Structure formats: C-alpha cells, structure tokens
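Student: Could you take me through the aromatic pairs up close? After that, I'd like to hear what else is worth looking at around them.

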Amino acid sequence: MTRPYVICHMMSPLDGRLIVNDWAGGTGHSIDELVNVYDYLHEKIGADAWLSGRATGEEFADAVDRPYETTGKAERPVHIADPDANEFAVIVDKDGRLRWDKGDIEGAHVVVLTARDVDDGYLAGLMQAGVSYIVSQADAVDLKNALDVLGEEFGVKRLMLEGGAQTNGHFLNAALVDEVSVVVFPAIGGKSNSPAIFEGGDDGLADRVSLTLLSVEPADLGSVHLRYRVDRP
C-alpha cells in the first residue's frame, strides 16, 4: 500500500516549547499574528490532509464525552462518508470521546482514527453526522495502517502532521514522518515542565531519528522556517 508523504509542521520559540500561550508574549505579537505566519507557510508547503490528536481535535469538535443517541451495527473497519472529498481533517481519537455534528472542519472532510474497542453506537453517530472513520484492529490506533488506508482508499497524497507532543513523537517513533517543518519565532519560553513540540517518552528520540537540512528561510515577524528530511540513523 502507498501511504501519504508526511510533513510534521510545527511552530515554537527557540527552546522548542509547545504551548503557544506560554511564549507568544515574548515575540511582541499576538497569537493570531503568529498563527497567520504559521498558516501561510502551511499553505505554501501544501497538503491535501492535516492530522492532529484528540486534544487539538477538541478545539473543533462539537462536544466531548457526550454520547450519540444512536444504536445498531456500524460499518467496520472503514467508513467513507464523502467519496468526493479532496481535502481532509484527520483526528486521532482512540476512545471515541469527541462528538461531531457535521462532517467537515472549515471545508476539510473529517476522518476519525479510533481503536477497535470503540462501540458501534459511536460509529453510527459518526456515520449519521457525515464523518468518515478508520477503526484499528488493535487496542491503540495503528498509525501505519491508518496512513495506508488514507492513501489507498481516500486518495491522500500529502499529509501535514500538526499534532501535540506525544502524537508527533508516536509518528517519529514509528518511522512515519518524511519531513519536519518548524517555524521558529524569536522568543524563549523557559517554563519548567512545559512540553516540547516532540515528546518521545523515557527513551527519547535521539537514537531513532536523523535529520538532513533541506532549507532555511527567513519568515515574517522575525521567524525562521526550517525544513529537514527525516532519516533513520
């Protein structure tokens, strides 16, 4: 199977902190201004899908932990709600906690990645809302299989990974990232115990990821756009 080309696209201060609220003030610009720079570079790179974890998905979902009022059997392991979609918002939601009442995020068709133990009532609710989904055949979301299905059955060719620290770390650990793109803004967060844009658990990622510089470009608001090819050591 042919999986999409995956670009992990993130923004951070000089010390790589993830939580924008913790460091944006150091730039002298609003969060909206910083995000505009980040989004412009997202569009410049180009992708037909973006992917985030459940925490980011909560910003777009209609509710959390509110059950669907649906029953009955649901299609497994894959349901394609919109065969004509050509732009996708992919949300990793292992336990099926997010409630969706419509099938798109700003025009991008929603595809939920979930695990095998999710109940049929939840999947039926996604179907009713016009949301696509891929159910893994394991207790966790099988990222490799999900990417293969996105490529083969949904036609996704380039996917922008914009997850939280752990989601990004899981993809890197599984050797599923082809490129890293980071917009570095002129600020230092420095807040203790604040997550980085990549988290690899106790073992870290240093022995699992090797990077080759592709390009360095100045960007707006004093930022620098770095792009690296991801290799295995």
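**Aromatic pairs and their surroundings**

Tutor: Searching the whole structure turns up 4 aromatic pairs. Here a pair means rings of Phe, Tyr or Trp (its six-membered ring) with centres within 6.5 Å, called stacked if the planes are under 30 degrees apart, edge-to-face if over 60, and tilted for the rest. One of them is Trp50 with Phe60: the ring centres sit 5.6 Å apart and the planes meet at 50°, so this pair is tilted. Trp50 belongs to strand 2, while Phe60 is in the loop between helix 2 (54-57) and strand 3 (63-64), so the pair ties together parts 10 residues apart in sequence. Helices (H or I, at least four residues) and strands (E, at least two) are DSSP runs, numbered from the N terminus.

Before going on, some housekeeping: this is a predicted model, where local features need pLDDT of at least 70 and side-chain atom pairs count only at pLDDT 80 or more, while totals for chains, interfaces and linings use all residues. Residues are numbered from 1 along each chain as its sequence is written, and side-chain values use heavy atoms, with hydrogens and water left out.

Trp50 is buried at 15% relative accessible area, whereas Phe60 is partly exposed at 32%. The cut-offs are under 20% for buried, over 50% for exposed and in between for partly exposed, using a 1.4 Å probe and protein chains only.

Another pair is Tyr68 with Tyr122, whose centres are 5.6 Å apart with planes at 50°, so that one is tilted too. This pair links distant parts of the chain, 54 residues apart: Tyr68 is in the loop between strand 3 and strand 4 (78-79), and Tyr122 is in helix 3 (residues 120-129). Both tyrosines, Tyr68 and Tyr122, are buried.

Strand 2 also shows up around helix 5. That helix spans residues 165-173, and its buried residues are Ala165, Thr167, Asn168, Gly169, Phe171 and Leu172. Among the elements covering them by contact (heavy atoms within 4.5 Å) are strand 1 (5-12), strand 2 (49-52), helix 4 (143-152), strand 10 (158-161) and strand 13 (224-231).

One last stop is Gly201, in the loop between strand 11 (179-184) and strand 12 (210-218). Gly201 is exposed, at 58% relative accessible area.
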